[in-house]
Amino acid sequence: MIAALLVAVAASACAPTPAATDTDGEDSEGQTAGTSDGELTGDASEGQLCMIPNEYLEISLIGSEGKCVSTPEEPDTGDIVGVYSLVPGGFQVESESLTKRIGPMQPAIPVGTFVRLRFGCDNGWYGGPGAWILIDNVASIDGAANPTESGERMWFAVAARGEAQWSKPLEHFEWSFETVCATGEIGEAYERVMSLTLAGEGFEVTAQPESSASFEILAGAHAGAYVLENVNITDDIADGGDIASAYNFLITRAD
């Protein structure tokens, strides 16, 4: 089966393009290293000037009606090991039992690579829906060696839109959020904007709001260079304490 998939991929292969991010239709890619629990830290500051990001990443796991897409043929949560390829408007991973297509991003992964794709979508509790993707390399499938790369190094991670299970694409890291600024204080309705820090053995990197930061993992399964992009990580807090969150970030390979 894998041999047949490789033949099909080779017949339609096109060179990978940079991964897409929708900061108004533009693009990026992703990668990682570590393990952990995360925490939200920092207090709301009192009325200082605070610019609220208004850009969001998009994933086709969220449909045109603003809800997670879920049918028996197109589940909104999954874990697939298969062959990576590009398709118009996105990418796909094809296994023996399922082919999953996701867009609009096109992670810069060589066509034909064996990967593990994990993905999910949540409709949110107080805020809007959110989705996430994590793609790792796999060394072999059914005894066939990965034709492009050995090992388990991460290729791509993204959380998009609203209340996604954002910790899923961060599972290789220690991570934390810190409040950078807020439009008010606890006890009233306000918004807060957060930075994202990733850490592991020998490295720590922080991406400030609407900024990116490069980092390198020197050893281990995920050794290599990466870029962390903090597009929009914000909380909208009601005066009663209910929180509608937006998590929009990318981790992509830089080598």
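Counting the bonded cysteines of the protein in sequence order, they pair as 1-4 and 2-3. Keep in mind as you look around that this is a predicted model. The tour below starts with the two disulfides, moves to the largest pocket and Ser-245 in its lining, and ends at Lys-100, a buried residue in strand E4.

**The disulfides**

- A disulfide is a covalent bond between the sulfur atoms of two cysteines.
- The Cys-50 and Cys-181 disulfide is right-handed, because the torsion about its S-S bond is about 65 degrees. Both Cys-50 and Cys-181 are buried.
- Cys-68 and Cys-121 form a disulfide too, and here the sulfur atoms are 2.1 Å apart. Cys-68 is in the loop between E1 and E2 and Cys-121 is in strand E5 (residues 114-122), so this pair ties together parts 53 residues apart in sequence.
- For Cys-68 and Cys-121, the torsion about the S-S bond is about -80 degrees, which makes the disulfide left-handed. Both of these cysteines, Cys-68 and Cys-121, are buried.

**The largest pocket**

- The largest pocket holds about 200 Å³ of space.
- Its lining is made up of 15 residues, and those nearest the centre are Tyr-56, Thr-234, Ala-244, Ser-245 and Ala-246.
- Strands E14 (224-237) and E15 each contribute at least two residues to the lining of the largest pocket.
- By type, the lining of the largest pocket has six nonpolar, five polar and four charged residues.

- You will find Ser-245 in strand E15 (residues 243-253).
- Ser-245 counts as buried because its relative accessibility is 11%, under the 20% cut-off.
- The side chains of Ser-245 and Asp-235 are joined by a polar contact of 2.6 Å.
- Leaving aside residues up to four places away in sequence, Ser-245 touches Gly-162, Glu-163, Thr-234 and Asp-235.

**Lys-100**

- Lys-100 is part of strand E4 (residues 99-102).
- With a relative accessibility of 2%, Lys-100 counts as buried.
- Not counting residues up to four places away in sequence, Lys-100 touches Leu-61, Glu-74, Pro-75, Ile-80, Phe-91, Gln-92, Val-93, Leu-117 and Phe-119.

Notes: Residues are numbered from 1 along each chain as its sequence is written. This is a predicted model: local features need pLDDT of at least 70, side-chain atom pairs count only at pLDDT 80 or more; totals for chains, interfaces and linings use all residues. Side-chain values use heavy atoms; hydrogens and water are left out. Helices (H or I, at least four residues) and strands (E, at least two) are DSSP runs, numbered from the N terminus. Buried means under 20% relative accessible area, exposed over 50%, partly exposed in between (1.4 Å probe, protein chains only). A polar contact is a pair of N or O atoms within 3.5 Å; within protein, one must be able to donate a hydrogen and the other to accept it, and residues adjacent in sequence count only if both atoms are side-chain atoms. Contact means heavy atoms within 4.5 Å. On a 1 Å grid over the protein atoms alone, a cavity is a set of points where a 1.4 Å probe fits but cannot get out, and a pocket is an open set with protein on both sides within 12 Å along at least five of seven lines; lining residues have an atom within 4 Å of a point. Grid points are joined across faces, edges and corners, and a volume is the space filled by probe spheres set on the points. Ala, Val, Leu, Ile, Met, Phe, Trp, Tyr, Cys and Pro count as nonpolar, Asp, Glu, Lys and Arg as charged, and the others, Gly among them, as polar. A disulfide is a pair of cysteine sulfur atoms within 2.5 Å.
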